[in-house]
Amino acid sequence: MPPAAALLPLAPSPLHPKQRRHISRCGASRRGFTLHTAIAIASASAAASAAAAAEAEAPPSPSPPPSPPAQAPPSKPVLGGIANTRSWSQYYGSGFSIRVPPSFDDILEPEVINQPDPSPYISSSSSSSPRLGLLAGNCGARVSSISGFEIRIGERLTSFRVSQDYNAGMTYYGDKAKPRAYAARFASPDRDELISVVIKPSNQLKITFLEAKDITDLGTLKEASKIFVPAGAKVLSARTIKVKDDEDIRTYYFYEFGLDKQHVALMATVNSGKTYIAGATAPETKWGDDGVKLRSAAVSLSVS
């Protein structure tokens with residue numbers, strides 16, 4: 001046989017002449033199948049009816065309780081760690097107010113005015129207290145005595161007040177005052193923690209020909225950070241806070257950052273062309289204990 005022939009199917013062999021195929025025609029089998037099918041259908045119908053009746057008689061199963069509505073995640077507070085400052089003393093400055101924590105001292109330097117040379121007006125005599133020298137042309141000047149000093153109100157000076165302690169800070173009237181670096185300044189007893197308020201003309205912070213009426217005139221929160229946050233500082237938090245006052249809603253910018261091992265919380269706003277900035281600072285090592293107090297003081301800034 002060729003090899004290819006093994007792949008072909010075998011042909012059926014013819015029947016032997018003596019073999020017969022017996023084909024039975026069994027009508028009884030068909031009848032039995034019909035009866036069996038009818039009985040099965042009747043049994044299934046009866047079972048279905050019984051199950052339906054039992055289900056109707058059984059008490060209804062309690063429905064599962066409705067699932068509670070999905071709760072929205074709690075809203076993140078505008079600022080973390082703010083204390084109630086109503087019991088604190090309130091300091092009122094020029095166009096602003098701020099709350100001061102207990103035990104903090106007012107360390108604002110006295111107002112310094114360009115100091116004229118007092119030597120032409122004060123001379124020593126044999127007496128224990130210095131006396132004014134009588135200058136040519138000032139013979140008719142009025143002389144008064146304050147705490148051991150005699151003061152001449154002459155042509156060069158409208159008013160002149162001298163303290164025995166020159167280091168205590170002298171105030172002179174009639175000359176131009178030097179601007180203060182701070183509008184308010186407070187310190188903890190150890191002087192490590194400071195709360196300061198600074199007032200700056202807005203056009204010194206950002207060049208503009210129009211008067212800034214809102215802090216948004218200085219830019220967005222991110223843009224204004226270049227004004228209020230020193231270069232190299234690590235910004236920890238930045239928020240826009242809107243406060244309703246008597247006339248309108250005022251916008252404040254809040255920044256919290258770290259720089260040179262110091263932690264700073266800063267609040268700023270604008271009113272009538274002036275920028276008001278309140279800052280609270282402390283060493284990083286102390287912020288963990290007193291950060292809430294200092295942050296609350298900075299946030300309490302209010303302008304009028």
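Predicted model: local features only at pLDDT ≥ 70, side-chain atom pairs only at ≥ 80, totals over all residues.

I began at the hairpin of β1 and β2, where three residues lie between the strands and Gly 95 takes a positive phi near 85°. Helices here are DSSP runs of H or I with at least four residues, strands are runs of E with at least two, and both are numbered from the N terminus. Residues are numbered from 1 along each chain as its sequence is written, and side-chain values use heavy atoms, with hydrogens and water left out.

I checked how β1 and β2 pair (DSSP has to find at least two bridges between two strands). They are antiparallel, with four bridges, and Gln 90 has Arg 99 in β2 as its bridge partner. Next I looked at β2 (residues 96–100) and β14, which also run antiparallel and are joined by two bridges. There, Ser 97 is partnered by Ser 302 in β14. Together the three strands make an open antiparallel sheet, ordered β1-β2-β14. β1 (89–92) and β14 (302–303) are the edge strands with a single partner each, so one side of each has no neighbour in the sheet.

**The seven-stranded sheet**

I then traced the open sheet of seven strands, which reads β3-β8-β9-β13-β12-β11-β10 with antiparallel pairing. Its edges are β3 (105–106) and β10, each with a single partner strand, so each has one side left without a neighbour in the sheet. Eight bridges link β9 (residues 194–201) with β13 in the antiparallel sense, and Lys 200 stands opposite Thr 275 in β13.

**Helices on that sheet**

α3 packs on this sheet, touching β10, β11, β12 and β13, and its direction makes about 55° with that of β11. Contact means heavy atoms within 4.5 Å; axes are lines fitted to C-alpha atoms, for helices over the stretch in contact, with angles from 0 to 180 degrees between N-to-C directions. I also found α4 (residues 284–299) lying across β9, β11, β12 and β13, at about 160° to β13.

Which residues of α3 are buried? I get Leu 221, Ala 224, Ser 225 and Phe 228, where buried means under 20% relative accessible area and exposed over 50% (1.4 Å probe, protein chains only). Down the axis of α3 they fall within an arc of 125°, so they line one face of the helix; the arc is taken from the directions from the helix axis to the C-beta atoms. Lys 222 and Lys 226 are exposed on the face turned away.
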